[in-house]
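Dear colleague,

I am passing on to you the structure we spoke of, with the sequence alongside. Below it I have set out what was found, and I would be glad if you read the notes with the model open.

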Amino acid sequence: MKLSVDVETIKGFLDPVEGRALYEHCLSVGSLGPTLEVGSYCGKSTLYLGEACRRTGNSLFAVDHHRGSEEHQPGEEYHDPDLFDENAGLMDTFREFRRTLRQAKLEEIVVPIVASSSLAARHWHTSLAMVFIDGGHSHEAAITDYRSWAGHLVPGGVLAIHDIFTDPTEAGQAPFEIFTLAVASGLFRKLEIVKTLGLLQRL
Ligand code: SAH
Ligand code: MG
C-alpha cells in the first residue's frame with residue numbers, strides 16, 4: 001500500500017492498522033462497485049479507501065455534514081479549536097477535508113457529500129461494494145446509519161464498522177450494537193475484527 005501523503009499529518013481517529021485493513025478490504029471488493037463512507041472528518045479514512053478506489057477505478061462517496069459529532073463540540077473530550085468556525089459558531093472540518101483530498105490527489109476519486117447521513121440516504125439508489133460506518137456514536141445515529149446504508153450493499157460486499165468496543169466501561173456501545181444487529185439479521189457473516197474495526201460480508 002502506497003499512500004500519496006503522510007497519513008500522520010492528517011487529523012483524525014483511525015489507527016494505521018485499521019486503515020490498512022480498510023484499504024485491503026476495499027481493494028478486494030473493487031470489482032463489485034463503488035464504496036461509501038459515513039464520517040470522513042479530515043479525511044484519514046478517506047485516504048485509505050480513496051487509494052484503494054484509485055487502484056480499482058472506483059469512486060468513493062464520502063458523507064459527512066462536517067459539523068462534528070457530539071464528542072467534537074466545544075467543551076467535549078475530542079474538541080479541536082483549530083476546526084471551529086468562529087463566524088458560524090460551528091465546527092467545520094470540510095476545509096481541512098478538502099485540503100487532504102487536494103494533497104492526496106484524490107479529487108477525481110472522492111465525491112464529498114456534505115450532508116447528514118439520513119439526508120444523503122433519502123434518495124440513494126446506487127449499489128455499493130463497501131460501506132464504512134464511522135459517523136455519530138449515539139444509539140440513534142448508529143442505527144440510522146446501519147438502516148440507511150447496509151441495504152445498498154451487493155452480495156459479497158463489505159460492511160465495516162468503526163469503534164467496536166465489547167466492554168461498556170471502555171466506550172459507547174452503539175457501533176457494537178449495529179455490528180451485532182447485522183450478524184443477527186442473517187444477512188452478514190463476520191470476516192474479522194481489526195483493533196476496533198469490525199468487518200462483515202454481505203451474503
Ligand atoms: N473517519 C474519520 C473519523 C470520523 S469522526 C477518520 O478516519 O478520522 C466522525 C465524523 O462523523 C465527524 O466528522 C462528524 O461530523 C460526522 N458525523 C456525525 N454524525 C453524522 C451524521 N448524522 N451525518 C453525517 N456525518 C456525521
Ligand atoms: Mg471512529
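**Contacts of Val183**

Leaving aside residues up to four places away in sequence, Val183 touches Phe188, Lys190 and Leu200. Please keep in mind while reading that this is a predicted model. Val183 itself belongs to helix H6, which covers residues 174-184, and its C-alpha atom is separated by 9.6 Å from that of Gln201, a residue 18 places away along the chain.

**The hairpin of S8 and S9**

Strand S8, made up of residues 188-194, and strand S9, made up of residues 197-202, run antiparallel and are joined by six bridges. Within this pairing, Ile193 stands opposite Gly198 of S9. The two strands form a hairpin with two residues between them, and in the turn Lys195 has a positive phi of about 55°.

**The largest pocket**

The largest pocket holds about 990 Å³ of space, and its lining is made up of 41 residues, among which Ser69, Glu71, Gly135, Gly136 and His137 lie nearest the centre of the pocket. Which helices supply at least two residues each to this lining? They are helix H2 (44-56), helix H4 (117-122) and helix H5 (139-149), and the largest share, four residues, comes from H5. Divided by class, the lining of the largest pocket has 20 polar residues, 12 nonpolar and nine charged.

**The cavity**

The structure also holds one cavity of 30 Å³ or more, and the space in the largest cavity comes to about 40 Å³. Its lining consists of Ile133, Asp134, Gly135, Gly136, His137, Ala142, Ile161, His162, Pro175 and Ile178, which by class are five nonpolar, four polar and one charged.

With best regards

How values were computed
Residues numbered from 1 in each chain as written. Chains lettered and ligands numbered in written order. Predicted model: local features only at pLDDT ≥ 70, side-chain atom pairs only at ≥ 80, totals over all residues. Heavy atoms only, no water. 1 Å grid on protein atoms, 1.4 Å probe; cavity = no way out; pocket = protein on both sides within 12 Å on 5 of 7 lines; lining within 4 Å. Points joined across faces, edges and corners; volume = space filled by probe spheres on them. Nonpolar A, V, L, I, M, F, W, Y, C, P; charged D, E, K, R; others polar. Contact = heavy atoms within 4.5 Å. Pairing = 2+ DSSP bridges.
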